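Please look at the sequence and the 3D structure below.

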Amino acid sequence: MAKNYLTGIKPTGKLHLGNYIGVLKNIKKIQEEGNCIFFIADLHALTLPIEPETLKQNSIDIACFYLAAGLDYNKSILFLQSQVSEHAELNAILQNYLYMGELSRMTQFKDKTAKTNNNSIGVGIFTYPILMACDILLYNCNVVPVGEDQVQHVELTRTLATRFNNRYGETFVIPTAQVNKVGKRIMSLSDPTKKMSKSDPKGDIFLKDDLKTIRKKIMSAVTDLGDEVIYDPINKPGISNLLTIYASLKDISVEEACNHFKDCHRYGDFKKEVADVVCEEIGKLQERYNFILENKEYLKALEIGKNKAKLLANKTLKRVKKKVGFIDE
Ligand code: TYM
């Protein structure tokens, strides 16, 4: 039977190459393999302070980039999380089946709140994984394609689903996280020991950066004093990151990428070749993005997607309400 795939992106900042390699680049492939649902996690975006206008613009951007990356809205579903109220409703129910200790152990929660006083941490950042579990469980999905940083959340979703099924009988499909073999964690160009994230203007390649800027960022990426292009994430994190980016965009293994550069002993030449590949891919993506934005194609896609998503989500929610003992409307 065809598998059900689901994944989401949070509109908290500008999309970057990590998001592209981690998720967007795979859209065409998974769309051929199964039923796909893609959404914009705008409820999740409120977990950290954000201006309303920024949230709106970021959400439109993500919709356009999903489409630019190959999402076919006649085949797959694209929607905004806030427009399918079943997510919030299931959240209210499922929050009772995860424990404070489990949520406290989430790496993302610990990272995002490490330097903040408890009195100014919103509760939403703590309960974030519950809503994420609801996103996944509402659609009976088997596979959740994500970057490595989200795997822990999918694991917790499995724990929650299993716990609920054990208590009330078979209700949820148990999902599995799917990460790329190459490019499961793209690192910052300015500090390759840190993940590329939406809030790192120096180390990020933003999908909307002009190609000149992208080239400049790659040419000045932090590397090391040597001259060998080899994959060694511990001792050569910068070179290894650039090799991963190259391999991923060329759809080859890291070994093949290393082999390609085995006679290259000038980092400048290596970086130029990486920049060529990135600029070619992102250039094409940007052309499609501009066309979709100008023609407002995303509006139609989101409208169709919302209705399809609601139908599926409502079915699951009804099933859950019945299981826990709510009286049918
Ligand atoms: P978000 O918005 O932080 O990131 C979107 C996707 O991009 C991946 N990603 C990366 N992959 C490789 N290298 C990187 N440097 C990198 N940075 C980000 C992320 O792993 C993610 O797959 N919680 C999610 C959004 C979400 C979700 C869901 C995802 C909400 N509900 C349900 C899947 C299923 C998030 O904040 O992703």
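A nitrogen atom of the ligand lies 2.9 Å from an N or O atom in the side chain of Gln 150. Such a pair is called a polar contact: two N or O atoms within 3.5 Å, where, within protein, one must be able to donate a hydrogen and the other to accept it, and residues adjacent in sequence count only if both atoms are side-chain atoms. The model is a predicted one, in which local features need pLDDT of at least 70 and side-chain atom pairs count only at pLDDT 80 or more, while totals for chains, interfaces and linings use all residues. Residues are numbered from 1 along each chain as its sequence is written, and side-chain values use heavy atoms, with hydrogens and water left out.

An oxygen atom of the ligand is 2.6 Å from a polar side-chain atom of Lys 198.

Which residues are the closest to the ligand? They are Tyr 128, Asp 135, Asp 149, Ile 186 and Lys 198, out of 29 residues that surround it; a residue is counted as near if one of its heavy atoms lies within 4 Å. By class, this shell holds twelve nonpolar, ten polar and seven charged residues. Here Ala, Val, Leu, Ile, Met, Phe, Trp, Tyr, Cys and Pro count as nonpolar, Asp, Glu, Lys and Arg as charged, and the others, Gly among them, as polar.

Thr 316 is part of helix H14 (residues 297–324); helices (H or I, at least four residues) and strands (E, at least two) are DSSP runs, numbered from the N terminus. Thr 316 counts as buried because its relative accessibility is 0%. The terms are set by relative accessible area: buried is under 20%, exposed over 50%, and partly exposed in between (1.4 Å probe, protein chains only). A polar atom of the Thr 316 side chain is 2.7 Å from the backbone oxygen of Leu 138.

Ser 76 is found in the loop between helix H4 (52–68) and strand S3 (77–80). With 3% relative accessibility, Ser 76 is also classed as buried. Its side chain makes a polar contact of 2.8 Å with the side chain of Gln 31.

Lys 112 belongs to helix H7 (residues 107–113) and is partly exposed, at 36% relative accessibility. Between the C-alpha atoms of Lys 112 and Phe 126 there are 9.8 Å, and the two are 14 residues apart along the chain.

The last stops concern the backbone angle phi. Most residues other than glycine have a negative phi. Asp 251 is not a glycine, yet its phi is positive, about 60°. Asp 251 sits in the loop between helix H11 (237–250) and helix H12 (254–260) and, at 63% relative accessibility, counts as exposed. Lys 296, also not a glycine, has a positive phi of about 50°. Lys 296 lies in the loop between helix H13 (267–294) and H14, where 47% relative accessibility makes it partly exposed.
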